[in-house]
Amino acid sequence: MDDDISDGPPPERSARVRPRHRSTLPAVTRHKPVDPRFSDLYGTVDQKQFESHYKFLREQQEEEETRRRHRMRCLKCIVRRGELEASGANLEEYDLSENEREVFGEDHLDELLAMKLRPLPDLQMELQGLQRESQRHVSRMKGRQVQSSRDNLKKEIIKREAVAVKEGKKQRPFIPKRAQFKREILADTFERLERKGGKRAVDKYVERKSRR
């Protein structure tokens, strides 16, 4: 009886159920790589040293922005011509040729002729894309300037406290907390805006911040 069972066909299994298989090999734990550029284990970033070593990147970005702005001026000239032509305006009333030559320059007249052959929607789309890239560049530049001014203000506060301790005015330096730093930064921002644009600039800044 047992021989008949052992010699019979194997038990039926569903093709949709994955068979269980236990490997005899030990599990291997993989070491997760750590990028030293983004890990706190390798110290903090020295922003001043970074800016010094990678100064050429900022210079390249400025050169790209200069070329981008020149391209935008050229596109605006051709887009204006296309919009006037589409509206049926008399181009003889507008001295566009002289203005276009002045914007493009004598070295880019071939580029001027090539742009005139392109469809107006393509030129408008390229102009909008360049304007967005230019706005992002300006935002990044302003962000770096704001962060740099904040870092300088923090260093000035700490230095001022150290001088007070050295002169005997204080027994120990008072390192302001984050809220105190924010108040100092805000006061410095108001003072800088008032020097630049008066009370109106300060009110405009406060109004813009209150909308967020």
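Me: Which residues does arginine 144 touch, not counting residues up to four places away in sequence?
Reply: Some ground rules for this predicted model: local features need pLDDT of at least 70 and side-chain atom pairs count only at pLDDT 80 or more, while totals for chains, interfaces and linings use all residues. Numbering runs from 1 along each chain as its sequence is written, and side-chain values use heavy atoms, with hydrogens and water left out. Contact here means heavy atoms within 4.5 Å. Skipping residues up to four places away in sequence, arginine 144 touches Glu51, Arg58 and Gln61.

Me: Is arginine 144 buried, exposed or partly exposed?
Reply: Arginine 144 sits in helix H6, residues 120–166. Buried means under 20% relative accessible area, exposed means over 50%, and partly exposed is in between (1.4 Å probe, protein chains only). Arginine 144 has 24% relative accessibility, so it counts as partly exposed.

Me: How many helices and strands does the chain have?
Reply: Helices (H or I, at least four residues) and strands (E, at least two) are DSSP runs, numbered from the N terminus. Read from that end, the elements go α-α-α-α-α-α-α. The tally is seven helices and zero strands.

Me: Which residues does phenylalanine 104 touch, not counting residues up to four places away in sequence?
Reply: Phenylalanine 104 is among the core residues with the most contacts inside that core. Leaving out residues up to four places away in sequence, the ones it touches are His70, Cys74, Ile78, Glu111, Leu112 and Met115.

Me: How do H3 and H5 lie relative to each other: roughly parallel, roughly antiparallel, roughly perpendicular or oblique?
Reply: Axes are lines fitted to C-alpha atoms, for helices over the stretch in contact, and angles run from 0 to 180 degrees between N-to-C directions. H3 and H5 pack at an angle of about 45°, with axes 10 Å apart. Under 35 degrees counts as roughly parallel, over 145 as roughly antiparallel, 65 to 115 as roughly perpendicular, and the rest as oblique. H3 and H5 are therefore oblique.

Me: Is the crossing of H3 and H5 left-handed or right-handed?
Reply: At this contact, Arg71, Cys74, Leu75, Ile78 and Arg81 in H3 meet Glu111, Leu112, Met115 and Lys116 in H5. A crossing is left-handed if the near helix is turned anticlockwise from the far one by less than a right angle, and right-handed if clockwise. The crossing of H3 and H5 is right-handed.

Me: How far apart in space are leucine 112 and arginine 101, C-alpha to C-alpha?
Reply: Leucine 112 lies in helix H5 and is buried, with a relative accessible area of 5%. Beyond four places in sequence, leucine 112 touches Ile78, Glu100 and Phe104. In sequence, leucine 112 and arginine 101 are 11 residues apart; in space, C-alpha to C-alpha, the gap is 8.2 Å.

Me: Is serine 134 buried or exposed?
Reply: You'll find serine 134 in helix H6. Leaving aside neighbours within four places in sequence, serine 134 is in contact with Glu65, Arg68, Arg69 and Met72. With a relative accessible area of 5%, serine 134 is buried.

Me: Which residues does glutamate 65 touch, not counting residues up to four places away in sequence?
Reply: Glutamate 65 is in helix H3. At 4% relative accessibility, glutamate 65 counts as buried. Apart from residues up to four places away in sequence, glutamate 65 touches Ser134 and His137.

Conventions:
A nonpolar core is a set of buried Ala, Val, Leu, Ile, Met, Phe, Trp, Tyr and Cys residues joined through side-chain atoms within 4.5 Å.
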